[in-house]
Amino acid sequence: MDKNKQEIKPYQKAVYSVILVITLLWSAGILAAPLWAGEPGIRGGISDLLYMFYSKSCHQLESRSLTIAGHIFGVCSRCTSIYAGFLLITMIYPFIKKLNNFSLPPLWVLLTGAGIIALDVFLDAVGVYSNTYLSREITGAFLGLVLPFYIIPGSIMLINEFFTPPKIIPQKEDNAKTG
Amino acid sequence: MQKPGKIIPILIGALVIDVISSIPVLNLLNFFFCAGVIAGGIAGVYYYDKKLKAAGLPLTYKDGAIIGGMSGLVSAAALILFVTGAVLFLKILDVNLGSIINDIFSKFGIPSGRSGLTRRIVEEYRKYGFSITHIIVTSAVYGIFYPLFGLAGGILGVAFFSRKNNSVKSI
């Protein structure tokens, strides 16, 4: 049967929905941190918590971050692009690839995404050239745009494996005993 | 045939994560999308894949998720224990962390957007030599980040290492 005509199972939709919700919340937090920063009460507290939360995965340097309402985003400009790219593709994923299609893009696509970021960081660190907001955002967005094509099918396969009973293959010893 | 145990791969993954997270300069990797944590998940899966290949068994996403997620969890627990222990040890030595943090903030300023909680943590360090708020917040953050990115590393690891055997394209 043509795989495009195969029915998409409820668990595949559920896994996709969970990834979409997590990605939306994660991205919303990046914007909520500066928007609620400095406000009195619970919003200010949540903003503080969000900055601390994202600080484990991002340097949050003011000179390398976008600002809104006078405060930096929860993460730097490169990370913002990664998450924005990831969110964009996750939102439109069912329109570009069926949820029951588990074929992964070639590995070099992912390695290229990570490689160009590493190159951008390395050349800046050794002083060959100074990276810019634009270079950081383009390199970050590229990785963010390709990651869902590995994470979404991988997660759906994962849940499928958890809830599918393993195939029972009779072993030679068993055959010898029974035979 | 029974699959090899996952404890050693989980510990290898956790060790890689904690080494990357603790060594200065190397820990900057985690400022890039928690790459150090993802690398730990991949390392654990790589080791397990070697064991599976020797036994002639296939690597599954379930294996990757368990190894990656658990590596993240174990490394987070180890890191929280280490940080808490170090803070308490410094308190025993009468090192005033509050004044050190205060000095840093007065030199560089409190980071943009942070005020209430950060001030409270600094105040707690100044008063008591340690901050329970800091420990709770840090534990919660590590407890979310490390297992989540470890899990992503585990899934990516399976995508890397099982490609040759991956005949399932759709279900």
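How many cavities of 30 Å³ or more does a search of the whole structure find? In this predicted model, the search finds 1 such cavity. Rolling a probe the size of a water molecule over the atoms is a handy way to show where empty space is left. Here, the largest cavity holds about 40 Å³ of space. Its lining is made up of I80(B), V83(B), T84(B), I135(B), T138(B) and S139(B). Two elements of chain B, α3 (61-92) and α6 (132-161), each give two or more residues to this lining.

Attention now turns to the place where the two chains meet. The contact draws 50 residues from chain A and 37 residues from chain B. The size of an interface is often given as the accessible area lost when the parts come together. For chain A and chain B, about 3900 Å² is buried between them, and 70% of that area lies on carbon and sulfur atoms. Three residues deserve a mention by name: D48(A), M52(A) and K56(A) supply 18% of the area that chain A buries against chain B, more than any other three residues.

Which kinds of link cross this interface? Between chain A and chain B the count of salt bridges is 0, while 3 residue pairs are found in polar contact, both residues at pLDDT 80 or more. On the side of chain A that touches chain B, at least two residues come from each of α1 (10-35), α2 (42-54), β2 (71-72), α3 (77-96), α4 (107-125) and α6 (148-163) of chain A. The largest share, 9 residues, belongs to α6(A).

Definitions and conventions. Residues are numbered from 1 along each chain as its sequence is written. Chains are lettered from A and ligands numbered from 1 in the order in which they are written. This is a predicted model: local features need pLDDT of at least 70, side-chain atom pairs count only at pLDDT 80 or more; totals for chains, interfaces and linings use all residues. Side-chain values use heavy atoms; hydrogens and water are left out. On a 1 Å grid over the protein atoms alone, a cavity is a set of points where a 1.4 Å probe fits but cannot get out, and a pocket is an open set with protein on both sides within 12 Å along at least five of seven lines; lining residues have an atom within 4 Å of a point. Grid points are joined across faces, edges and corners, and a volume is the space filled by probe spheres set on the points. Helices (H or I, at least four residues) and strands (E, at least two) are DSSP runs, numbered from the N terminus. Contact means heavy atoms within 4.5 Å. Buried area is the accessible area (1.4 Å probe) that two parts lose on being put together, summed over both. A salt bridge is a side-chain nitrogen of Lys or Arg within 4 Å of a carboxyl oxygen of Asp or Glu. A polar contact is a pair of N or O atoms within 3.5 Å; within protein, one must be able to donate a hydrogen and the other to accept it, and residues adjacent in sequence count only if both atoms are side-chain atoms.
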